[in-house]
Amino acid sequence: MIFGIMGAMPDEVDQLCAKLENVTVEPYGGVEYHQGKQVVVCCAGMGKANAAATTQVLITKFGAEKIIFSGIAGNMTSKIGIGDVVIGKTVLYHDAQLDMICQNPPFLKEYTGDPELIAAAEAACAEAGVKALVGKIATGDLFVGDSETKAAIEAKCAPDCVEMEGAAVSQIAAKNGVPCVILRAMSDNADEDGHEVLVVKKFRSWQRWWKSCKFPQNNNSQTGNAGLAVLRLCQFLVRSLVYRARVALSTAMTITPTSAKMAAHIPAMPSAPSSRHSALMPSANTMFWCTMRRVRRAMRMASAIFAG
């Protein structure tokens, strides 16, 4: 029996990968698959397309016979709180035309978690002392971080939590006849406060991290110069992110009290961009995740240089 275990972000799977013994890593289709004795662990990436593609690879290439997706989600119910877990009994899309999707295999508008895997997840949560709810999970290619969007999703399908991958994983698993379960820990309440916790406060944590960095001082060493260059690139990216995020928030078409509050938490940076640049500026949330990926990539390069 081979279990495929997935997450959307590195933080959701790194601890699992660290526990594997005699592991082999195989890159395939832009994803690294960590193979242990009876398990394959991978970081699929965020969103429905990434989740669906990686699920099919786990099943077709690596022979996964059961699929477990583990990650964080926005809480949509008063039955549980932040830090608690929703185990997906029912998973569905909140941003799709369900009556059209169900015209193709597996001919379903919503997907059901495998009873055996659900029972195992409940037992594991009970043993760990974690409050768990077996309920409904809604999936869409959207970070839900405002009350209006949250209310619209609640009116449409009344889920217990909202996230970005579960239904896509469940759909492909059902299409292949593979048992599946989606596990979600509540990181926020899918509202403005959640957006501030997951996005805005990230800026300050990266700034604190940067101030604690120790730079290589050996300027006569090729390794030292290369490492310093990479670390300076990281500094540029982080500073650029903070600056551009502030501009994106301050130049929005409609400045709500919440967005104004968010902007106040982002440190001011010198000078202002031209109106042309402001008009072309992407959203702060998009810039954050894109830049974080670049920073992580640069830091991995720096680590490799220092290790060499």
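Helices (DSSP runs of H or I, at least four residues) and strands (DSSP runs of E, at least two residues) are numbered from the N terminus. The model shown in these views is predicted, so local features need pLDDT of at least 70 and side-chain atom pairs count only at pLDDT 80 or more, while totals for chains, interfaces and linings use all residues. Residues are numbered from 1 along each chain as its sequence is written, and side-chain values use heavy atoms, with hydrogens and water left out.

**Figure 1. Overview of the chain.**
The secondary structure comprises 11 helices and 10 strands. Of the 308 residues, 45% count as buried; buried means under 20% relative accessible area, exposed over 50%, and partly exposed in between (1.4 Å probe, protein chains only). Among contacts (heavy atoms within 4.5 Å) between residues at least 6 apart in sequence, 75% join residues at least 24 apart.

**Figure 2**
Two strands are taken to pair if DSSP finds at least two bridges between them. Strand 2 (residues 24–28) and strand 3 (residues 31–35) run antiparallel and are joined by five bridges. In their hairpin, two residues lie between the strands, and glycine 29 takes a positive phi near 60°. Strand 3 is also joined to strand 4 (residues 39–43) by three bridges, again in an antiparallel arrangement, and a hairpin connects strand 3 to strand 4 through three residues. Glutamine 35 of strand 3 stands opposite threonine 24, and glutamine 35 also stands opposite valine 40 in strand 4. In a regular strand, side chains alternate between the two faces of the sheet.

**Figure 2. Salt bridge between glutamate 26 and lysine 61.**
A salt bridge is a side-chain nitrogen of Lys or Arg within 4 Å of a carboxyl oxygen of Asp or Glu, and a search of the whole structure finds six. In the pair formed by glutamate 26 and lysine 61, the closest N and O atoms are 3.2 Å apart. Glutamate 26 belongs to strand 2, whereas lysine 61 lies in the loop between helix 2 (48–60) and strand 5 (66–75); the two residues are 35 residues apart and link distant parts of the chain. Glutamate 26 is partly exposed, at 28% relative accessible area, and lysine 61 is partly exposed at 37%.

**Figure 3. Salt bridge between aspartate 141 and lysine 48.**
The closest N and O atoms of aspartate 141 and lysine 48 are 3.9 Å apart. Aspartate 141 is partly exposed, with 43% relative accessibility, whereas lysine 48 is buried, with a relative accessible area of 17%.

The side chains of glutamate 116 and lysine 66 form a salt bridge with an N to O distance of 4.0 Å. Glutamate 116 is in helix 4 (residues 115–128) and lysine 66 is in strand 5, so that the pair, 50 residues apart, links distant parts of the chain. Glutamate 116 is exposed, at 56% relative accessible area, whereas lysine 66 is buried, at 11%. Elsewhere, salt bridges that share partners join Lys48, Asp95 and Asp141 into one network.
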